[in-house]
Amino acid sequence: KSANPQWREQFDFHYFSDRKDMLDIEVWRKDNKKHEELLGTCQVDITALPMKQTNCLELPLEKHPGSLLMLVAVAPCTGVSISDLCVCPLGDLSERQQISQRYSLRNSFRDMKDIGFLQVKVLKAVDLLAADFAGKSDPFCVLELGNDSLQTHTVYKNLNPEWNKVFTFPIKDIHDVLEVTVFDEDGDKPPDFLGKVAIPLLSV
């Protein structure tokens, strides 16, 4: 019930070279659980923003009254990666030894912000729910850790998809929970939920 809402939320998006350069933003209004109304959209051209500084942007909503005030910082992507299973970043023995030394007890206080990192191999899913009329699904998998989010490619018309991808996240809070969600891609519509699992980092 506000025309001037303040969210004060921060989100980290990982920009890779194969992604588009525009950040799309939508503002929605909710009357109740069933009724939603689009209040406006705006775009940010990431490539036009100066690097390594916080940019304060006031963005007018397209075709609707109002504007959105946000802070956007573009920084080099560190500690985050997506790779194929055959080139797993921890597969190299010498690299494993370097990492063991980096996080050894003796180096615990060298960089207090460098808690560690999490590497997740997303292999496959089995016996997923059929979300399409043809008895198939178009599944993809989303991994979320804190405000970090990465996802696999979509495997079309398959209830037993194999992704075989390796995801690496920097850990910012040891009490975070890794959430792995499987969705069915549905064209221009929001994806359908196919299932979810949550793994607390402290259980790893």
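These legends describe close-up views of a predicted model.

View 1. Five strands make up an open sheet with mixed pairing, and their order is 1-9-8-11-12. The edges are formed by strand 1 (12-13) and strand 12 (192-200), each of which pairs on one side only.

**View 2. Pairing of strand 1 with strand 9.** Strand 9 covers residues 148-151 and runs parallel to strand 1, with two bridges between them. Within this pair, F13 lies opposite S149 of strand 9. Strand 1 spans residues 12-13 and is an edge strand of the sheet.

View 3. D184 belongs to strand 11, which spans residues 177-184. The residue is buried but takes part in no salt bridge. Its nearest side chain of opposite charge is that of K157, at 8.9 Å; a salt bridge would require a nitrogen-to-oxygen distance within 4 Å. Apart from neighbours within four places in sequence, the contacts of D184 include A131, D132, S137, D138, P139 and F140. P191, D192 and L194 are also in contact with D184. Of these, D192 and L194 fall within the residue range of strand 12 (192-200).

View 4. I115 sits in the loop that links helix 1 (93-102) to strand 7 (117-124). The relative accessibility of I115 is 38%, so this residue counts as partly exposed.

**View 5. Positive phi at K63.** K63 is not a glycine, yet its phi is positive, at about 65 degrees. The residue is placed in the loop between strand 4 (54-60) and strand 5 (67-73). K63 is classed as exposed because its relative accessible area is 84%.

**View 6. Positive phi at N164.** N164 is another residue other than glycine with a positive phi, here near 50 degrees. N164 lies in strand 10, which comprises residues 162-170. With a relative accessible area of 28%, N164 is partly exposed.

Key. Residues numbered from 1 in each chain as written. Predicted model: local features only at pLDDT ≥ 70, side-chain atom pairs only at ≥ 80, totals over all residues. Heavy atoms only, no water. Helix = DSSP H or I, 4+ residues; strand = E, 2+ residues; numbered from the N terminus. Buried < 20%, exposed > 50% of the residue type's maximum accessible area, 1.4 Å probe, protein only. Lys, Arg positive; Asp, Glu negative; His and termini not counted. Contact = heavy atoms within 4.5 Å. Pairing = 2+ DSSP bridges.
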